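Take a look at the model below. The text then walks through it, from the overall fold down to one helix.

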Amino acid sequence: MVQNLVVDRIHDETERIRSIVLKAHDEAALPSFTAGAHIEFDLQEAGNRAYSLIDWGGSKNSPKEYTIAVQREEDGAGGSKAMHALVEGRVVSALGVKNDFELFASQNPVLLLAGGIGITPIISMATELVSRNAQFSFHYTGRSMSAMGFTDRLKAAFPEQLSLYCDDENPIDLDALMSAQSAETHVYICGPKGMIEAAKTAASVVGLPDENVHIELFTSPDTQSGDTPFEVEIHDTGDVYAIPVGKTIIEVLEEAGVDVMYDCQRGDCGICQTDIINGTPDHRDVVLSNADREAGKVMQICVSRARSARLVLDI
Ligand code: FES
């Protein structure tokens, strides 16, 4: 579905975080969504960008408006700057609503953990859990209190469940948090890669099953300093492709007309997982367990690269 949406209202939540409310041109009902869903926009030169839909308790069924929040990233690829350049009345092209971070029913208890702008899908989950009368705790951390959006509204909406942390005053202790959970707890985490990795490790150390930990990364992994080009050989055909710095395996293969399956392209859904026949991967995803990484038999080709000069993949 491609739909033009009109920017109805804009509100600055912090110096860098801006809430944007969008409506249909004729104020008609919009497609329904569920907690954890995102909406993808076509931002033309800035490419396609997805932002989580925020629900504070309005209708998610045929809503009259969507609310998102965008953190301006000075070093980003331009998506957040394009979103911050929007003014009320401007039209944006929406490509559709999707949920890769579903809040499953009848899980009890639930721990919600948000880092930075990763708060946006977690707000909708907390709202949903309140409406389900579910038992949950809600932990939100950021660099500093002034950089964290929505804190006053969150305190008012979730007074029993919310705990706030910030690196410069009371940093979150993920080990203590995870060790206080029962083995039945389901954990939903959204935030930067470092926080997700640390939380996953802490959960695994205390014995929470991997299937109880649900994650969404809120930024695409960027090119890292020290990245080098490498080659990918398709095992079945023997065809070899050069993967330069700044391009992913999926991007190169798609450009060459190779059919590959993928979804999130952030390394958090697992759809693009591929068997490795030969070579050493450089894992950049947040899906695989430490044991899977060490085994080196599979990789997520949307983000991961190679430590060896060539990877032979079963595609
Ligand atoms: S497409 Fe989602 S992990 Fe690669």
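Predicted model: local features only at pLDDT ≥ 70, side-chain atom pairs only at ≥ 80, totals over all residues.

The protein has seven helices and 18 strands. Its C-alpha atoms fill a box of roughly 60 × 50 × 35 Å along the principal axes. For 315 residues, a compact globule would have a radius of gyration near 20 Å, and the protein agrees because its value is 20 Å. Of these residues, 38% count as buried. Among contacts with a separation of 6 or more, 66% join residues 24 or more positions apart.

Now the interior. In soluble globular proteins, nonpolar side chains tend to be buried together. Here the largest nonpolar core holds 60 residues. Leu112, Ile122, Met125, Ala126, Val187, Tyr188 and Ile189 touch the most other members. Helix 2 (residues 119–131) gives the most to this core, with six residues. Beyond its neighbours within four places in sequence, Leu112 contacts Ile122, Met125, Ala126, Phe136, Phe138, His139 and Tyr188. A second, separate core has 17 residues, including Ile249, Met299, Cys302 and Val303.

Turn to helix 5 (residues 193–205). At 1.5 Å a residue, its 13 residues should span 18 Å, and its end C-alpha atoms are 18 Å apart, which agrees. Which of its residues are buried? They are Lys193, Met195, Ile196, Ala199, Lys200 and Ala203. Seen down the axis of helix 5, the buried residues fall within an arc of 160°, so they line one face. An α-helix has 3.6 residues a turn, so residues three or four places apart point the same way. What covers the buried residues of helix 5 includes strand 7 (110–115), helix 4 (174–179), strand 10 (186–191) and strand 11 (213–217). On the other side of helix 5, Gly194 and Val205 are exposed. Just after helix 5, Gly207 takes a positive phi of about 90°.

Notes:
Residues numbered from 1 in each chain as written. Helix = DSSP H or I, 4+ residues; strand = E, 2+ residues; numbered from the N terminus. Rg over C-alpha atoms; globule rule 2.2 N^0.38 Å. Buried ≥ 20, exposed ≤ 12 C-beta atoms within 10 Å, placed from the backbone. Contact = placed C-beta atoms within 7 Å. Core = buried A, V, L, I, M, F, W, Y, C linked by C-beta atoms within 7 Å. Expected span 1.5 Å × (residues − 1). Arc of directions from axis to C-beta.
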